[in-house]
Amino acid sequence: EITSVNVSEWNKVQTIQGEKELYDYDFYIDCTGFSRLLISAVGSEWQSYSKYLKMKEAIVFPTPEGDEIPIWTLAKAMDAGWMFRIPVQGRTGNGYIFDSDFITAEQAHTEVEKYLGHGVEVAKHIKFDPGCLEKSWIGNCSAIGLSSNFVEPLEATSIGSTINQTFLLMHYIPNYNEHSINLYNKKVNLILENIRDFVITHYLTKKTDSKFWQDVQNIELPESLRNNLLRWKNN
């Protein structure tokens, strides 16, 4: 357990104080998830995508493994978001990702039970702000995974972006300097903006049978996606 992060006068992580000892290294990779314990100590700021992606809460729950196990995952449109169903060994993983401006976690729970036709026990209630760090790498500290970004559970993009960041860091870390760091941050931001736009396209539907889906139609699209939509009309 990390109890404190000690930053030098040059805005680098100097040491990490744990419950049992002090850790002193040349380079630190922040894998502390949503806590962002290391990268926040050196001042990286969060860029929210909430202007474009309205999801901010989720309930997750297991259901029994069926007699027939589907070979695909399900993404089902719901009144205020969408529900996933993923068959895993011994059970089925499920979740309802929703916009809490329109329903509460309790109402989401009720909607799920109505859809499934039986009761479920919620294992976790998660709140999140979609987005990414303005700079995932500062000084001698690089944030990877959930400590760096989280767009939405849709399409498992968090796994993909973590792999991309790891490969990028592998190439930029040898004998790195400020130029290396700036290039890395620029490429990571482009990856995340691409993922953001990819997820937004899932909501570009004509579905208007609830207040949530009506509201989604009025979201202003980022310029990068608007340009691509124009280009995709022809090629």
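## Aromatic rings and their partners

The charged end of R36 sits over the ring of W46, 3.9 Å from the ring centre; a charge counts as over a ring if NZ of Lys or CZ of Arg is within 6 Å of the ring centre and within 35 degrees of the ring normal. R196 likewise places its charged end over the ring of Y49, 5.3 Å from the centre.

This is a predicted model, where local features need pLDDT of at least 70 and side-chain atom pairs count only at pLDDT 80 or more, while totals for chains, interfaces and linings use all residues. Residues are numbered from 1 along each chain as its sequence is written, and side-chain values use heavy atoms, leaving out hydrogens and water.

Now to rings that meet rings. Rings of Phe, Tyr and Trp (its six-membered ring) pair if their centres lie within 6.5 Å; planes under 30 degrees apart are stacked, over 60 edge-to-face and the rest tilted. The count by this rule is 12 aromatic pairs.

F27 lies in the loop between β3 (22-23) and β4 (28-30) and Y176 in the loop between α2 (157-172) and α3 (178-201), so their pair ties together parts 149 residues apart in sequence. Helices (H or I, at least four residues) and strands (E, at least two) are DSSP runs, numbered from the N terminus.

Ring pairs also link F27, W137, Y176 and Y184 into a cluster.
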